[in-house]
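In these notebook entries I record what I looked up in one protein model. I give each term its cut-offs where I first use it.

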Amino acid sequence: MTPYYILAAAATTEEGKVEAIIKQFGWHPQLFFSQLIVFGIVIFALNKFAYKPILQVLDDRRKRIEESLTSAEKIKTELAETEAARKKILENANTHANQLIEEARSAANKVKDQETQKAISQAEQIISKAREAAQADHERMLTELKSEVGKLVVQTTAQVTGKVLTDEDQKRLVDEANKQIAA
């Protein structure tokens with residue numbers, strides 16, 4: 001079959017052939033114009049009821065996408081700001097916690113030192129009281145010992161001499177015995 005453009009070129013050279021081509025393709029001017037009117041109506045209807053609403057939907061969608069992208073950028077910046085604020089708060093909290101720990105340690109050391117000093121002073125008081133008690137016991141025991149030794153000296157002297165000693169003799173012997181014990 002011959003291409004149409006060859007046929008059209010051949011038809012221009014000869015006028016009779018144009019009519020032949022029109023008949024061969026079945027071109028009728030009334031049908032052609034009615035089809036042009038129908039085609040115009042279809043284009044108008046598509047433009048009004050399909051093309052414009054579709055363009056409107058696409059425009060609305062484009063606007064929503066732009067808003068979403070703007071919102072996403074805004075959210076990203078807010079998220080970055082929030083993250084920075086969170087890090088700063090955590091750093092402040094860590095610094096504050098470290099300060100509290102150091103304060104607690106120093107307070108614990110102070111309390112430890114105070115308690116150590118209290119314990120030392122209490123120990124010193126206990127030792128001094130123990131020394132005083134030991135000194136008092138020593139004094140008491142010496143006094144008891146002196147009186148016992150005096151009694152023993154008096155009894156021994158009385159038995160050795162075979163006589164009853166007077167109070168003056170007993171006192172003199174006890175004093176002599178105490179002087180010897182003390183020396």
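**Entry 1: Overall fold.** I began with the secondary structure and found four helices and zero strands. I took helices (H or I, at least four residues) and strands (E, at least two) as DSSP runs, numbered from the N terminus. Along the sequence I read the pattern α-α-α-α.

I note that this is a predicted model, in which local features need pLDDT of at least 70 and side-chain atom pairs count only at pLDDT 80 or more, while totals for chains, interfaces and linings use all residues. Residues are numbered from 1 along each chain as its sequence is written, and side-chain values use heavy atoms, with hydrogens and water left out.

**Entry 2: Surface and burial.** What percentage of the 183 residues count as buried? I found 4%. Here buried means under 20% relative accessible area, exposed means over 50%, and partly exposed lies in between (1.4 Å probe, protein chains only). The protein exposes about 16000 Å², and 61% of that area is supplied by carbon and sulfur atoms. These areas come from the Shrake-Rupley method with a 1.4 Å probe; for residues, only the protein chains shown count as cover.

**Entry 3: A nonpolar patch.** I then looked up a nonpolar surface patch of about 510 Å², made by V18, I22, W27, F32, F33 and L36. Patches are made of residues with over 30% relative accessible area and no salt bridge; like charges are joined within 9 Å, and nonpolar side chains (Val, Leu, Ile, Met, Phe, Trp, Tyr) within 5 Å.

Which helices each supply at least two residues of the patch? They are α2 (15–25) and α3 (29–161). The largest share, three residues, comes from α3. L36 is found in that helix, α3, and L36 is partly exposed at a relative accessible area of 43%.

**Entry 4: An aromatic pair.** I counted one aromatic pair. The rule is that rings of Phe, Tyr and Trp (its six-membered ring) pair if their centres lie within 6.5 Å; planes under 30 degrees apart count as stacked, over 60 as edge-to-face and the rest as tilted. The pair is F32 with F33, and it is edge-to-face, with 5.6 Å centre to centre and 70 degrees between the planes. F32 counts as partly exposed at 34% relative accessibility, and F33 also counts as partly exposed, at 49%.

**Entry 5: Salt bridges.** How many salt bridges does the structure hold? I found eight. A salt bridge is a side-chain nitrogen of Lys or Arg within 4 Å of a carboxyl oxygen of Asp or Glu. I looked up three of them in helix α3.

- E102 is bridged to R105, with the closest N and O atoms 3.2 Å apart. These residues are three residues apart in helix α3, so about one helical turn separates them. E102 is partly exposed, with a relative accessible area of 46%.
- K63 and D59 meet through their side chains at 3.6 Å, N to O. They are four residues apart in helix α3, so they too are separated by about one helical turn. K63 is partly exposed at 42% relative accessibility, and D59 is partly exposed at 23%.
- D137 is bridged to R140, with the closest N and O atoms 3.7 Å apart. They are three residues apart in helix α3, which again gives a separation of about one helical turn. D137 counts as partly exposed at 37%, and R140 is partly exposed at 42%.

I also noted a network: salt bridges that share partners join D59, R62, K63 and E66.

For background, an α-helix has 3.6 residues a turn, so residues three or four places apart point the same way.

**Entry 6: Helix α4.** I checked the length of helix α4 (residues 167–182). The expected span of a helix is 1.5 Å times one less than its number of residues. For the 16 residues of α4 the span should be 22 Å, and the end C-alpha atoms are 22 Å apart, which agrees.

Which residues of α4 are buried? They are L173, A177 and N178. They cover an arc of only 135 degrees around the axis, so they lie on the same side of α4. The arc is that of the directions from the helix axis to the C-beta atoms. On the other side of α4, I found E168, K171, K179 and A182 exposed.

Finally, I looked at A177, which counts as buried at 10% relative accessibility. A177 and K146 are 31 residues apart in sequence, and their C-alpha atoms are 7.8 Å apart in space.
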